[in-house]
Amino acid sequence: MVDLASARYGGEVIWCNDEFFAPASNLISPAAPVWREGEFTDHGKWMDGWETRRRREPGHDSCIIRLGLPGIVDAVTVDTSYFTGNYPESFSLDACGADSNRLGGAEWVELIPPTPLEGNTTATFDVRDDHRATHVRLNIYPDGGIARLRVEGRPVPDRDRVCPEEGLVDLADASLGGCCIDCSDAHFASPDNLLSPTEPEGMWDGWETARRRGPGNDWVVVDLGLPGTIDLVDVDTRFFKGNAPGSVQIETWGPDGKWWPACDPVAVAAHEINRIELAAPVEAERIRFNIFPDGGVARLRVWGRPRAESLAAVRMLYVNSLFDQEARSFFRTACAADRWVERMVAGRPYTSAAHLYATADEAFRAMEVDDWLEAFVAHPRIGERRGHQNAAGEAMSSREQAGVGDAVRHELAELNRRYEEKFGFTYIVRAAGRTGEEMTELARARLANDPKEEIEVAAGQQREITMLRLRRMLCQPEEDG
């Protein structure tokens with residue numbers, strides 16, 4: 001499991017009601033807590049953790065942490081190291097799946113109920129909740145100090161992380177589920193640092209082995225978060241100036257249970273991002289990163305193209321693990337009719353993209369005229385770039401209307417006006433893959449329909465738009481469906 005809250009992965013304390021003796025940001029430090037004998041601040045004894053003042057009124061203290069890696073929480077570790085007479089009597093932990101700017105209306109659920117704590121100990125608590133958390137709220141009763149909070153679980157990335165509009169994906173990225181499962185040596189620093197999505201901050205923030213005095217070489221085995229085809233690799237040796245490896249090599253684990261070289265050993269420079277382009281793309285689920293003979297590497301980026309089934313599995317996990325509130329927002333991006341959205345949310349968990357598409361078809365068959373009109377309202381007029389109910393939908397509409405050039409905008413504006421005067425709703429047409437001229441010609445032809453005919457035609461276009469959007473949102477090829 002990965003510490004989803006760690007500052008190493010971009011975790012951040014965004015609010016707390018009190019941090020008089022020690023800041024809440026210490027909670028998510030990747031380093032182990034330390035004790036400094038005899039050191040005091042203006043407020044009292046220096047402590048490596050979060051410590052609030054002594055509460056003299058009813059209530060309890062809390063802090064909210066934005067997870068660096070949103071995901072499903074499987075376990076929580078509470079470390080009260082060095083807090084002996086000042087630790088809380090108990091704690092609880094809540095989670096939500098909202099963006100930071102929408103926390104005021106967030107749907108919080110309790111992951112761990114109020115649970116007793118002991119001082120100067122480390123305790124791990126199992127969690128049984130399958131929601132994708134973006135934030136956790138740590139409550140301590142009534143006050144006191146905690147050294148570290150580890151929120152351990154499985155990352156569930158959003159679409160932009162697994163399906164960027166351009167370029168390749170780092171298949172080994174910890175935020176996509178990449179993890180180090182074995183290594184020859186981690187004397188100075190853990191190989192887990194290699195896969196961090198953040199930039200390295202120093203020599204301590206990488207993988208470094210002891211000086212090798214015998215034969216052989218050091219290595220680390222990585223399970224790719226997204227199995228796929230590897231095209232190139234970046235070996236980042238920044239901050240390793242006199243202790244970088246002399247050369248490196250990538251091997252892949254074959255179906256025959258053997259390691260196969262994806263490239264010959266390649267010399268690398270110190271304190272530099274070294275790009276290694278493979279002679280030919282290679283399929284992989286697991287790799288071994290060899291360094292010769294030893295040394296330190298800050299980051300390993302394994303750039304490639306995920307398998308279709310890998311993407312489908314990640315996107316299904318995302319959809320199924322959303323809180324209901326977030327799931328509604330997700331499906332409303334594809335179609336804004338409340339009846340359709342509620343059926344899609346209730347249809348989870350989906351076993352596959354095909355299962356989700358079939359449910360979408362069933363939900364369409366249950367829609368009535370008012371539902372279709374509600375869906376139509378959410379679309380901007382063809383040729384315009386505004387009017388969608390959410391930012392994701394607006395961006396998708398803009399992308400779909402890429403074929404509308406300036407030459408036809410004036411004519412489309414006039415056709416939109418005439419269409420709305422006759423039918424009472426926005427001209428709906430699948431814009432993706434069509435030119436402005438094609439959509440103009442279709443609008444002229446559809447003006448000849450009677451209102452009953454036209455709402456059926458518009459409903460058919462809405463279905464096409466929705467299904468194309470769902471395929472895009474699930475990272476599935478549009479030409480397959």
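This is a predicted model: local features need pLDDT of at least 70, side-chain atom pairs count only at pLDDT 80 or more; totals for chains, interfaces and linings use all residues.
1. For the record, a pocket here is an open set of points on a 1 Å grid over the protein atoms alone, where a 1.4 Å probe fits, with protein on both sides within 12 Å along at least five of seven lines. Residues are numbered from 1 along each chain as its sequence is written, and side-chain values use heavy atoms, with hydrogens and water left out.

2. On to what lines that pocket. There are 16 lining residues, and Met1, Asp3, Arg8, Tyr9 and Asp192 lie nearest the centre; lining means having an atom within 4 Å of a point. Eight of the residues are nonpolar, three polar and five charged, where Ala, Val, Leu, Ile, Met, Phe, Trp, Tyr, Cys and Pro count as nonpolar, Asp, Glu, Lys and Arg as charged, and the others, Gly among them, as polar. At least two lining residues come from each of β1 (2–3), β12 (148–155) and β14 (179–183). Those labels are DSSP runs numbered from the N terminus: helices are H or I with at least four residues, strands are E with at least two.

3. Taking a disulfide as a pair of cysteine sulfur atoms within 2.5 Å, the count is one. Cysteine 163 and cysteine 475 form it, with their sulfur atoms 1.9 Å apart. The link is right-handed, at 140 degrees about the S-S bond. It ties together distant parts of the chain, 312 residues apart: cysteine 163 is in the loop between α1 (159–162) and β13 (169–170), and cysteine 475 in the segment after α10 (451–473).

4. Cysteine 163 counts as buried because its relative accessibility is 11%, and buried means under 20% relative accessible area, exposed over 50% and partly exposed in between (1.4 Å probe, protein chains only). Cysteine 475 is buried at 11% as well. Cysteine 96 is in no disulfide, the nearest cysteine sulfur being that of cysteine 63, 13 Å away. At 0% relative accessibility, cysteine 96 is buried.

5. Next, the backbone. Most peptide bonds are trans, and most residues other than glycine have a negative phi. Phenylalanine 292 and proline 293 are joined by a cis bond, omega about -15 degrees, with proline 293 in the loop between β20 (273–292) and β21 (296–297). Arginine 348 to proline 349 is cis too, with omega near 0 degrees.

6. Where does tyrosine 82 lie? Its place is the loop between β6 (61–79) and β7 (90–96), and its phi is positive, near 75 degrees. Phenylalanine 239 also has a positive phi, near 80 degrees, and is partly exposed at 31% relative accessibility.

7. Last, the cores, meaning sets of buried Ala, Val, Leu, Ile, Met, Phe, Trp, Tyr and Cys residues joined through side-chain atoms within 4.5 Å. The largest has 70 residues, and Leu27, Leu138, Leu149, Ile230, Ile287, Phe289 and Leu300 touch the most other members. A second, separate core has 49 residues, including Val341 and Met367.
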